[in-house]
Amino acid sequence: MSFIDRTFPDVVRDVLTNLTQGVVGETHRIESYDPKARPLVLPEVVLQRRPVRRVSFVRGFVAAPEPDDDPLPYTFGLADYQLVPLTEGGADLARLRFLPFGKRPAPGTDLLVNYYPRSTDATPITDLNVGSVARTLVEAVSRELALSWAQLNLVYDSAFVGTASGPSLERVVELLGVRRFEAGRAAGAVTFRRRPGLAGSITIPAGTPVADGADKVRYETVESHEMLAGESVAEVRVRGTSTSTPPVEAGVLTVIQRAIAGLESVSNERPTSRASEQETDEQLRERARSALLASDKGTPAAIRFGLLQLPEVRDARVIEMPNGVPGEIRVEVALDPPQPADSPLPPRVKARLDELRPAGIRVLGVGAGVTEAVASLVLTLAGPPRPPADVEPIRAAARDRLLAEVQKKGVGETLRVRPLSAALLADSRLVDVVLTLGRKGSPAAAEGADLVPDPGTSVSLAAEDVSFQPLLFDPPAALGPVQVEVRLKAALTLEAGVSAEAAKQTLTAKLKGFFAQLAPGTAIDSAALLAALRQEGQYGLDPLTLVVTLTAGDQFFQIAEGGGAFTVQPEQTFEVVAVEIGP
């Protein structure tokens, strides 16, 4: 038996109907029909105690606006149905016929009808209006019945995670080993970021662990969050996993301890602090629902979910009947750091697997092993050529991003070139990436080919196995001789007896001589120019006013104090076209 909520008006209506010899709550199942058929044919309800004098109440369900939603409760009125004879042209009313222009019951739902048969005896009660003796007595009894129904519903709801509250909810979730977070526990919020180029929604379940880089401080999310398509970030509340977890400064929580497809990074943008209030019922329910996945020890999803809670587990895959034998499963666990294929599991992982395995099932737990990969990158940088000192940080960032993306791949998951390239292109300094993957120790694979790992292994990529080809630039470096015009502007302090024209001629000669002897690959900055153009006894150069502009076609580069350096490219020649000096 399941208890339903019966309000005071419902109880009063049914008691009055019973008291006056009516039929209460006669149930009829609405047969399936096509609501889109034309002409529309609606099922008719034949009442049992016919003929019928009148119908007093009809309640059921109507279809929801969305096809996948549950039907909605509805009380039908005289505009929705009519009482008609059992046979056409007869006089005995016995059928409910729903009108095509009114509300109609949803297919496959139950209809409750209160009505008065024509054959009932007359009742001695003649006054049922509000305030009458009979109505007052009925309402007094109905109030007590309604209170009893409310109490029964409260008891019934207190047995379920979704409806229990307060101490009752704490007793329910205690069966799962979950306790309410009390005030004083470290709490805060973290920001999850989507991997660039990934479409669709991402679900971040309650209980997702986040930690610092050394895994010494661990927090977990206290609510589930849906990152919708088009959203790149999501802020989710977190609490310390234990009462001893300390508050941390901003930027400490940077590791997602459970792999969630589509998430790139996490960080706490603000410091965490001690919570002044205990965990709410809704937050406790969210954590309990996540714990149910791990407590249900008879499913592959529960085994995988439970193993992923361990920080040393990168991924896990459950294979049912690997040898064609019922009652046997194989669990391949990818560990961090990687282990050889079919190697024994660490004691901690093995103990967790023993806890999660269903009774009577033989578990073959082994290390997943790795398929070692190599990668070659051709990067195209935005803008003109840059000096090596500016290029190396770009290469390092690309290598670190590639390693992080590969680390997210699970057991048996193919390493696909296009998503990896899209992740690298999140760096605004890059305009194109050509990625080539291959197996370590094997011949190079075709450009753009995906890497499929060996069965039961995950892909592993080390930093030393990532190589870079010569850089490309957009716009590309010009081919053949390139004439670069040089223009200088600076303030000079003239020595006694030296004219401005003589100083300008000396400065021009030094500038031409400096650019005439430059070799490809030479980096030119403000300090190099000051050292080359200095002339003791004639003038002094003001470093803050020295600006040298290099122009080639529609591109130009300025060398000034505090600015970047210009790298000389092959086939470039320089011509000094203007020297402007001032006091």
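Where is Pro51 found? Pro51 sits in the loop between β2 (45-46) and β3 (52-62), where strands are DSSP runs of E with at least two residues and helices are runs of H or I with at least four, numbered from the N terminus. Before I go on, please note that this is a predicted model, in which local features need pLDDT of at least 70, side-chain atom pairs count only at pLDDT 80 or more, and totals for chains, interfaces and linings use all residues. Residues are numbered from 1 along each chain as its sequence is written, and side-chain values use heavy atoms, with hydrogens and water left out.

Most residues other than glycine have a negative phi, and most peptide bonds are trans. Here, Arg50 and Pro51 are joined by a cis peptide bond, with omega about 0°. Gln21, in the loop between α1 (8-19) and β1 (23-29), is not a glycine and yet has a positive phi of about 70°. With 38% relative accessibility, Gln21 counts as partly exposed, a term for values between buried (under 20% relative accessible area) and exposed (over 50%), using a 1.4 Å probe and protein chains only.

Let me turn to the helices. Helix α9 (residues 500-516) packs with helix α10 (residues 526-533) at an angle of about 125°, and their axes are 9 Å apart; axes are lines fitted to C-alpha atoms over the stretch in contact, and angles run from 0 to 180 degrees between N-to-C directions. In the contact, meaning heavy atoms within 4.5 Å, Leu507, Lys510, Leu511, Phe514 and Phe515 of α9 meet Ala528, Leu529, Ala532 and Leu533 of α10.
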